[in-house]
Amino acid sequence: MNFELSEEQQLLQDSVARFVADHYSLEARRKLADSTLGYSEDHWKQFAELGWLALPFSEEDGGLGGTIIDAMVVMEQFGKGLILEPYFATVILGGGVLKRLPPSESRTARINAVMEGHMKLALATTELQSRWDLHDVVSTATADGDGFVLNGTKSVVLHGASADGIIVSLRTQGGQFDKDGISLFWVDPKAEGVSLKAYPTVDGLRAAELTLEKVSVPSDALLGPLHGGYEILDAVAQEATLALSAEGLGAMERLYKDTVEYTQNREQFDHPLSDFQTLQHRMVEMFMEYEQCKSLLYRATLEFAQDGMDASKSVSACKHLVGVAGRFIGENAVQLHGGMGVTEELAIGHYFKRLFVIDTQFGNADYHLERYAA
Amino acid sequence: MDIELSKADLEFREEVTAFLDGNAYKPGEDYAAWRLNWFKAAAEKGGWDVPKWPAAFGGPGWTPTQHYIWEQETATRNLPWDLPFGVGMVAPIIMTYGNAEQQARFLPDIRARTVNWCQGYSEPGAGSDLAALKTKAELSEDGTHYVVNGSKIWTTMAHIADWIFCLTRTSSEGKKQEGITFLLFPMKQDGVEVKPIITLGGSHTVNTVHFTDVKVPVENRIGEEGKGWTYAKGLLAHERTGLAGVSRSLVALEKLRRQAGKVKRGNGSLLDDPSFKSKLARLEIDLKALEYTELRSLARAAAGAQPGPESSIMKLKGTEIQQRIALLTTEAAGPFAAPWGGASVGPSFASGGTQSYLGSRAYTIYGGASEVQKDIIAKNVLGLKAKGKAS
């Protein structure tokens, strides 16, 4: 039994931590979040140079052959810096689909472009009625001659407007809730009939509404087996859930540590706030919740690395606790910072908002509790 | 004990609904004019513009039941905007501790809503520990005015306020609760500088306010020099009662139930989701209890007693419930709780829900943080002594 990072993983962690320390001061982040693009292309180039974009792809694909543990290492550090670049959307979601496809020319070309930093991706699964059920799909792809015609709307597509390619789940047969009959399609955002309405999310990131109106695509726009897209989606969602949990853990660590520090410096009633037992106990609880999340993240990640989809129960357990603990730690960090906690001026509020959004992605705490209990 | 409404109460309810419906805002109407007219019409009903003021100062002298009916009926309607600082906060202090001249000078404008007030209490170094405040007021040698220097923070609506009621330090001797003096002065004058603070929801309601050599005539001092803490404490208890918002929460909860009924979950709606349903039910149970806690508190006030320990319960429970409703609204929005910046995406309540949730985090901080409220209950109600505690 060993919970230490390997030497390579340690190097990876150090390198991401250094990047965060060098480039992600609160002020620098604020500027980026307010820019038109919402992140930095220069940072993206560095991600490519540092090999982070090649991490999850196999060595046969020219990647680094990293595992879900490496993804966890990167995402946890990203969580500490509240990184704005579309790493999750491109590498974990889009890359997660690409790497699971059978070999083809376009697959190779796209993976190469992602690794080199020339292509960004998005994954469009959410619909107005679906909440987090990936199998609840009413948008359609209909066979038409040699190709397909796509129709429908997808919501809250993370980084949809900056993506060069959007992978969309569409119904090709069956009823609204059938897992069988969902297929994945490659959609060029510039194609006729595709429209994107971009907006920021409350954590300073970007998302978009995607509308497909009689979009004609060739047959090779179909990714993976016809009607068999759900299995791929489900696997990608497990990895995504773990990645988001790791990011959340990084944010939680910053929140509880910042709070411990702040209460030692802020004096009220002629004492540092940290002298008051009720606040000490609260911070102990924050710390305990953080440690419990870390344990479940390790557990779910290691089980997933070993057993794949059989680990889905642990993955749900992890995301549930990240939702609950993230809320507890976030709200209490704000509370213990008093008025300062509810301003945009301190980092606290920004971590709190990121954790809020993480709970809205790939299933909130209740959703995963229900999945766990099922 | 009984809860049945008397015939007179039922008639009162009809009178209230007739008034509220008859004076409702009509689309296209000049809002500012409607607002002032509304208060005028309410005044003509016999103090309905200042329901909580004592009859001696023009209030309606309602029974607790009448107050309760008023709150219920107004919670479901759009009343003209009204800041709590004038009618609800500074006016009771002027009535209780101000002199006749001050009452004649300030109360009419407060009542007519023609002058906006803000509250100068918290300071960068004095939050929960309010008595640690340092803003200095020095009496001039000729004794005609004070000169005020210092800073206030979290001053709500300072940027639109005409006047401020302000706690200042006139002496550093003795206990820190002594030597605090309660002053009133205009905001729009040289030496008063207001800077916005942007809060989590991205909005501007609170400010920092800096005073540089602001001259305040002694006739603007309420009560005695050095007794301001006593005056303010009474007001804080008053403020805390007002923050419970039970009727508004009941309305908000009903609204949330309707909204959740329209959110699809599989073949049904979110209301078929067991965990959502039980959260909604639990909120309702807590509110039912709090509604009666408030009624008990109102009955006590009607019997002429000061707001008692239950006012601390009201703020703690009331704000916690408001936060939980806001949170549950974001959970109802699901993935659509994330979009921001005026994006109208998903269910219509989604973006407002997120805004409310972020804003609601301040409810357990301002007007006496929850931790301070619990200290007060521990000390005043349970009779416990705190270790290493100055309050």
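Domain bounds here come from an automatic or database domain assignment. The model you have open is predicted: local features need pLDDT of at least 70, side-chain atom pairs count only at pLDDT 80 or more, and totals for chains, interfaces and linings use all residues. Residues are numbered from 1 along each chain as its sequence is written, and chains are lettered from A and ligands numbered from 1 in the order in which they are written.

**Stop 1: the domains of chain B.** Select 7-82 for domain 1, 89-99 + 116-226 for domain 2, and 243-381 for domain 3. Domain 1 of chain B and domain 2 of chain B have C-alpha centres 31 Å apart.

**Stop 2: chain A as a whole.** Chain A holds eleven helices and ten strands. Helices (H or I, at least four residues) and strands (E, at least two) are DSSP runs, numbered from the N terminus. The C-alpha trace of chain A spans about 80 × 45 × 40 Å along its principal axes. Of its 374 residues, 52% count as buried. Buried means that 20 or more other C-beta atoms lie within 10 Å of a residue's own; exposed means 12 or fewer, and partly exposed is in between, with C-beta atoms placed from the backbone.

**Stop 3: where the chains touch.** Here 36 residues of chain A are in contact with 36 residues of chain B. Contact means C-beta atoms, placed from the backbone, within 7 Å. On chain A, select β3 (147-158), β6 (194-200), β7 (206-217), α9 (312-336), α10 (347-358) and α11 (365-373); each supplies at least two residues of the side that touches chain B.

**Stop 4: helix α6 of chain A.** Select residues 105-116. The buried residues of α6(A) are A:R110, A:I111, A:V114 and A:M115. Down the axis of α6(A), they fall within an arc of 135°, so they line one face of the helix. The arc is that of the directions from the helix axis to the C-beta atoms. Turn to the other side of α6(A): A:E105 and A:A109 are exposed. Now show α5 (87-98), β1 (121-124) and β4 (165-171) of chain A, which are among what covers the buried residues of α6(A). Just after α6(A), click A:G117, which takes a positive phi of about 90°.

**Stop 5: helix α7 of chain B.** Select residues 246-262. In α7(B), the buried residues include B:V246, B:L250 and B:L253. Which exposed residues does the face of α7(B) turned away from its buried side carry? They are B:E254 and B:R258.

Notes:
Contact = placed C-beta atoms within 7 Å. Expected span 1.5 Å × (residues − 1).
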